[in-house]
Amino acid sequence: MPPQRLANRYFLVRAGESVYEEQGLLRTNPVAKTSVDNGLSPVGLRQTARAALELQRLGACEDDCWIWPSITQRAYQAAEIIAAANGVNRSRIVPEYSFLDARGLGAFEGKSLDALPEVYASDNISPDMKPPPISDGTPNESVADVFVRVTQLMSILETQYSGETVVFVSPDSDNLSILQAGLIGLDLRRHSSLFFKPGEVRPVDPSSIPEYKQPASTVFKCTNPPSCK
């Protein structure tokens, strides 16, 4: 990251508000991914409907598309709404079982959404700083941890498809803001400046991706081997 080029067109979508978020709670334990309370709230349903219409306005699926949601309840529900509104066959919804899980926030699990600024304050210090751990099985992921998995997902898609449109549907903002920061070459510590609101849609703009620069190892030519300085 940033990539040399993108073989596909991408749209980034955060699912609408979940029931847990409606209650003002942070829930990132993957055990609860398919819980009803991890589904869309009434407000979240409306936010997702607007997101589906925005994708329609942008022509995201005019020539068909792949919808790639987290298996988390609210993200998969959002994918179904997006597919219905955009005339996309359900066979083109590809559930993602791990790479798009909500960022695990460790000891912040079950705390108020108001605690998020504390998480992002740590992120601003170092992308390797993890939230404090907890013993209930909730992962405590750093920005760098999330970056590894979203980069792996991009690598798979860029290898598997070419000339396609892919709509990512994430249950949280961090997957998307960290991915976007990587794509545009923004310091990962500042990913929260790209925060996605529930139901927000952003196309990946190829013009925002910096010009690819070859690593020094591929540019350097030794003129007097084995003495190369």
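## Getting to know a predicted model

Helix H6 is mostly covered, with ten of its eleven residues buried. Please keep in mind that this is a predicted model.

Me: Which elements do the buried residues of H6 pack against?
Reply: Happy to start there! The buried residues of H6 include Asp-174, Leu-176, Ile-178 and Leu-183. The buried residues of H6 pack against E1, H4, H5, E3 and E4.

Me: Which residues does Ile-184 touch, not counting residues up to four places away in sequence?
Reply: Leu-12 is 172 residues apart from Ile-184 along the chain, and their C-alpha atoms are separated by 14 Å. As for touching, with residues up to four places away in sequence not counted, the list for Ile-184 is Pro-2, Leu-194, Ser-208 and Pro-210.

Me: How many charged residues does the contact of H5 with H6 have?
Reply: On the H5 side, the residues include Phe-147, Arg-149 and Met-154, and they meet H6 residues including Asp-174, Ile-178 and Leu-183. By class, this contact of H5 with H6 has eight nonpolar and two polar residues, and the number of charged ones is two.

Me: How is H2 placed relative to H3, oblique or roughly parallel?
Reply: The axes of helix H2 (residues 42-57) and H3 come within 9 Å, crossing at roughly 40 degrees. This makes H2, relative to H3, oblique.

Me: What is the handedness of the crossing of H2 with H3, and how many charged residues does the contact have?
Reply: H2 passes H3 in a right-handed crossing. The contact is made by residues including Leu-45, Ala-49 and Ala-52 of H2 and Ala-78, Ile-81 and Ile-82 of H3. Its residues divide into eight nonpolar and two polar, and the number of charged ones is none.

Me: Why is strand E1 largely enclosed by the rest of the structure?
Reply: Strand E1 covers residues 9-14. It is largely enclosed because the number of its six residues that are buried is five.

Me: Which strand runs parallel to E1, and which runs antiparallel?
Reply: Six bridges join E1 to E3 (residues 165-170), and Tyr-10 stands opposite Val-166 there. Three bridges join E1 to E4 (residues 201-203), where Val-13 has Val-201 as its bridge partner. The parallel strand is E3, and the antiparallel one is E4.

Me: Where does Gly-106 lie, and what is its relative accessibility?
Reply: Gly-106 lies in the loop between helix H3 (73-85) and helix H4 (116-125). Beyond its neighbours within four places in sequence, Gly-106 is in contact with residues including Pro-132, Ile-134 and Asn-140. Pro-131 is 25 residues apart from Gly-106 along the chain, with their C-alpha atoms separated by 5.7 Å. Gly-106 counts as buried, because its relative accessibility is 0%.

How values were computed. Residues are numbered from 1 along each chain as its sequence is written. This is a predicted model: local features need pLDDT of at least 70, side-chain atom pairs count only at pLDDT 80 or more; totals for chains, interfaces and linings use all residues. Side-chain values use heavy atoms; hydrogens and water are left out. Buried means under 20% relative accessible area, exposed over 50%, partly exposed in between (1.4 Å probe, protein chains only). Helices (H or I, at least four residues) and strands (E, at least two) are DSSP runs, numbered from the N terminus. Two strands pair if DSSP finds at least two bridges between them. Contact means heavy atoms within 4.5 Å. Axes are lines fitted to C-alpha atoms, for helices over the stretch in contact, and angles run from 0 to 180 degrees between N-to-C directions. Angles under 35 degrees count as roughly parallel, over 145 as roughly antiparallel, 65 to 115 as roughly perpendicular and the rest as oblique. A crossing is left-handed if the near helix is turned anticlockwise from the far one by less than a right angle, and right-handed if clockwise. Ala, Val, Leu, Ile, Met, Phe, Trp, Tyr, Cys and Pro count as nonpolar, Asp, Glu, Lys and Arg as charged, and the others, Gly among them, as polar.
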